[in-house]
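Here are my notes on the model you sent, written to be read with the coordinates open beside them.

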Amino acid sequence: YIQSLLDPKIKPLCKPGQAPTLADGEPLKIGYLSSDLHDHPVGRNVLPLFQHHDPQRVKLYAYVEGSHPDDPVAEALHACVAQWRPIQGISDGNVARLIHNDGVHVLVVLAAMFDKNRPLIAAYRPAPIQVSFHNVATTGLEAMDYWLTDETIHPEADTRELFTEALYRLPVFYNYPEPEQAPDVGPLPMDKNHFVTFGSLNNPGKINHQVVDLWAEILTALPDARLMLKYRQSLEDPPVRARILDRFASHGVESKRLELVSALDDITDHLTHYQRIDIALDPFPFTGATTTFQALWMGVPVVALAGENFIGRMATDILAHAGLKEPLLAESKKEYLEKAVALANNPNALREMRLGLRQRIQHSPLLDGAGHARSVEDAYWAMWRQR
């Protein structure tokens, strides 16, 4: 269907079997196409990858939609690449020709469905190998060859999503830079408050009726519990506030048990809010990724529900590679409720987690930037050799 929407005048720049030359010992030219190469979840997520790429194996080109002056993440990414090419205001066809003329061997389209990203540039086939990375679903494009994932997100024996791309499973999908601006973890809030505080710092667009219904069950099972929600300044919006408060009220949960925080703060102040949360609750079916990682880094366990597709298994992937599936990952709403209530009734377990989660994450594959970069480079080279 997506393919049928393309302009029939689009012709591939790379013909089948045609590729730029590559001499022995020469690195692969890798082009990253994105509007998110700045202080953005995708930009932060690929920063350790860029920083640990081996210039003997890969030479990086960035094709960047948008300008972000004085952005520290954009500056750090820029420092890692051989060529940083702004493409704002340039047509898809001309960007494709630019990529093709640069002799890129592997074009990586980041988060194609989000923000100001331009996946249709790939329809021109500017590179002989084209890869979708950090996207939420198939691009539907015949010209996209591979979709990077891992075995936890898409088990080889039980992947239910359909893709026009071939799935390429990395050892670990998610990789993060260490949050250097993070505050200290802090003591367990329950010890001071004498009640448990649940929290979610996810986009309220993920907090649908099913999520509220289950969270209300948890609050009903724990009459003294509180719930804190925060996402930038979104919860100032009257319709958003009313939707959430009214749905909880329909379950008998009074507004005084809910704290809807609005703040457009820097990363340090943002993470400080976790010092007030005992247990984080993950939304579904669109689960958390960066929010899940940040909560764990701040010593806050995250109760999550395993889904059946990529967006439903992002938190699953992070918990799995942190070694936390058993205590925190639920396979059903009933188990989610049980795990949340059991944790709330076990302050000793919460204290132990709070003291040890950051160190656990530090020693997990989630922070192994060098190992992640080697595995991604291995993937690019394997794709090249196969084609």
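Predicted model: local features only at pLDDT ≥ 70, side-chain atom pairs only at ≥ 80, totals over all residues.

1. Residues are numbered from 1 along each chain as its sequence is written, and side-chain values use heavy atoms, leaving out hydrogens and water.

2. Seven strands form an open sheet in the order E3-E2-E1-E4-E5-E6-E7, with parallel pairing (strands are DSSP runs of at least two residues and helices, H or I, of at least four, numbered from the N terminus; two strands pair if DSSP finds at least two bridges between them). Strand E3 (83-86) and strand E7 (166-170) stand at the edges with a single partner strand each, so one side of each is left without a neighbour in the sheet.

3. Within this sheet, E1 (residues 28-34) pairs with E2 (residues 58-64) in the parallel sense over seven bridges, and glycine 31 stands opposite tyrosine 61 in E2.

4. Helix H13 (residues 369-386) has 18 residues, and its buried residues (under 20% relative accessible area, 1.4 Å probe, protein chains only) include His372, Glu377, Tyr380 and Trp384.

5. Proline 119 lies in the loop between strand E4 (106-110) and strand E5 (129-133) and is buried, with a relative accessible area of 17%. Leaving aside neighbours within four places in sequence, proline 119 is in contact (heavy atoms within 4.5 Å) with Val109, Ala112 and Leu141.

Technical notes:
Buried < 20%, exposed > 50% of the residue type's maximum accessible area, 1.4 Å probe, protein only. Expected span 1.5 Å × (residues − 1).
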